[in-house]
Every structure is written in C-alpha cells, then in structure tokens.
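Morning, everyone. Please have a look at the model on the screen, and then I'll take you through it.

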Amino acid sequence: MKQNNRSTDPVSQAAERAADSTAFERFARVGYVASGIVHIVIGAIALQINAGGSGNADTSGAVAAVAKQPAGYVLLWFCFLGCYALALFQLSRIFLAGHRLKDKELWKDRASNAGQVLVYGGIGTIFASFALGRGSNGGSSSSVSWTARLLAVPAGQWILGLAGLVVVGIGGYFIFKGATRRFRRNLTGVPGGLWSKAVDITGVAGFIAKGVSLAILGVLLTLAAVQADPEESTGLDGALHTLRDQPFGVVALAAVGIGLMLYGLYMGIIRARFAKL
C-alpha cells in the first residue's frame with residue numbers, strides 16, 4: 001500500500017514501513033479467516049440447537065468446537081496469531097491515519113480501526129486461552145456471572161442498560177449495512193460475475209443475520225438492566241435460544257443460523273481476500 005505525505009520522524013517512518021509490509025498485511029488477513037471460522041461454527045451450532053440438539057452458540061463455544069477437531073490445536077494457534085496480527089495492523093492504522101486523512105474522516109477512520117482492534121484482540125484472546133489449555137466453554141452462565149458483577153457496582157445498572165442499547169444500535173447498523181450493500185465499501189478489487197454474486201449473497205444475508213442476533217442480545221442486556229436481573233443476560237447463545245422460543249422461532253433461528261454461516265463465508269473468504277487494509 002502506497003501512501004502520500006509520510007512523516008519525517010524516524011520512528012513513524014519505521015512504523016509505516018512495518019505496517020506497509022506485504023507479508024504483515026497478508027498475515028493480518030488471517031484474522032478475518034479466524035472470524036469466519038467462528039461464525040460458521042456458531043451458525044452450525046444454532047442449526048443444531050434448532051433441531052433439538054445442544055451446544056453453546058457463542059464465540060467460546062465455537063472455539064471449543066474448533067479445538068476438538070483434528071489438528072484443532074494447530075488451528076487454534078494459527079487463528080490466535082492471525083487475530084492478533086490483524087488487531088496490531090489496525091492499531092498501527094490509528095496512528096498512521098493522520099498522514100492520509102483529515103478532520104472528520106480521520107476520526108471516523110480511527111474509531112473504526114479502534115473497534116476492530118477490540119474485536120479481533122478479543123477473539124484472538126479466546127483462541128489463545130484454548131490454545132494454552134485455559135479456555136472454558138462457559139456459555140450463558142458466564143454472561144450471567146459477568147452481568148451480576150456489573151449490577152453490583154455503583155451505576156452498574158445504568159452502564160448495563162447503555163451497553164444493551166449500544167448493542168441494539170450496532171445490530172441495527174449491521175442490518176442496514178446488509179440491506180443497503182454498504183459492506184461493499186470495505187472491499188476492493190472484487191471481480192464481476194460469480195465473485196460479485198457471492199459477495200452480495202453472503203454479505204446481504206450474513207450482515208442481516210448478524211444484526212438480528214446482536215439486536216436480540218442487546219434487548220436481553222437492556223432487560224437485565226431494567227429488571228436488575230442478571231439471569232436475563234445470557235449472551236449470544238441465550239439470544240439465539242430466545243429467538244427459537246418465539247412464534248415461528250424455529251424458522252427464524254434456521255434463517256439466522258444459515259445467515260451466520262454465510263457471514264462466516266463472507267468474512268473468511270470474501271473479506272479476507274478483498275478487504276481494504
């Protein structure tokens with residue numbers, strides 16, 4: 001990636017050269033592959049639950065399922081390093097964006113990069129915990145425990161309620177991004193034909209399904225805050241179970257499960273290959 005107006009500071013120049021390394025950029029894309037794997041497995045677990053089976057349909061549950069596969073240990077380390085590489089790459093963008101953008105675009109770009117640092121750093125940490133043998137497939141009980149601790153602190157109820165509303169908003173944005181195909185703005189160099197169709201199918205269905213699951217999760221967090229009841233906060237796994245228990249929930253959960261798998265394909269193949277970095 002070529003950039004103009006580079007800094008004359010030696011440290012900044014060294015950081016830019018490292019961030020511009022083709023090898024570093026390519027390995028950072030493995031973070032998208034790791035995210036794709038997680039979402040495909042979560043979607044598969046959701047379909048399994050929908051069919052009357054069991055499973056923990058959240059990130060920890062997905063990573064635990066990966067760990068049980070042949071060569072799972074190698075895959076855990078591969079995904080962990082890829083997620084951290086992507087988080088580090090996005091962190092470098094926060095400090096180097098100033099040489100490329102101005103004013104409102106600069107802060108928007110930095111906020112987006114900061115969000116990705118948190119997301120992929122978090123996913124990478126979960127992969128690392130399982131790779132080191134410390135992972136726990138805690139499921140909904142972990143979310144309830146975390147919520148109970150938050151509700152016990154001053155203003156915890158307000159913080160949890162705000163977090164729930166933020167998650168609902170993020171879910172709504174995912175739905176909007178999928179319905180309007182704005183996810184294409186994150187891609188570059190996508191060929192026409194079958195590739196373009198694959199982008200639209202996986203992107204539209206995937207972002208909408210991801211948005212629906214996040215919106216339900218946010219509603220549950222908000223209810224936990226309003227009722228001061230940590231049992232209402234059950235994580236993504238609980239959100240998908242809640243969806244199944246609604247009228248026509250079996251059909252809805254099947255659609256979301258398939259959509260999450262398509263989102264995984266979008267992340268693991270489409271974005272990993274064509275993402276703007």
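R29 sits in the loop between α2 (22–28) and α3. Helices here are DSSP runs of H or I, at least four residues, and strands are runs of E, at least two, numbered from the N terminus. This is a predicted model: local features need pLDDT of at least 70, side-chain atom pairs count only at pLDDT 80 or more, and totals for chains, interfaces and linings use all residues. Residues are numbered from 1 along each chain as its sequence is written, and side-chain values use heavy atoms, with hydrogens and water left out.

Is R29 buried or exposed? Its relative accessible area is 14%, so R29 is buried. Buried means under 20%, exposed over 50%, partly exposed in between, with a 1.4 Å probe and protein chains only. Leaving out residues up to four places away in sequence, R29 touches R271, A272, R273, F274, A275 and L277. Contact means heavy atoms within 4.5 Å.

Now the whole chain. The protein chain has 11 helices and 0 strands. Of its 277 residues, 45% count as buried. Take the contacts with a separation of 6 or more: residues 24 or more positions apart account for 74% of them.
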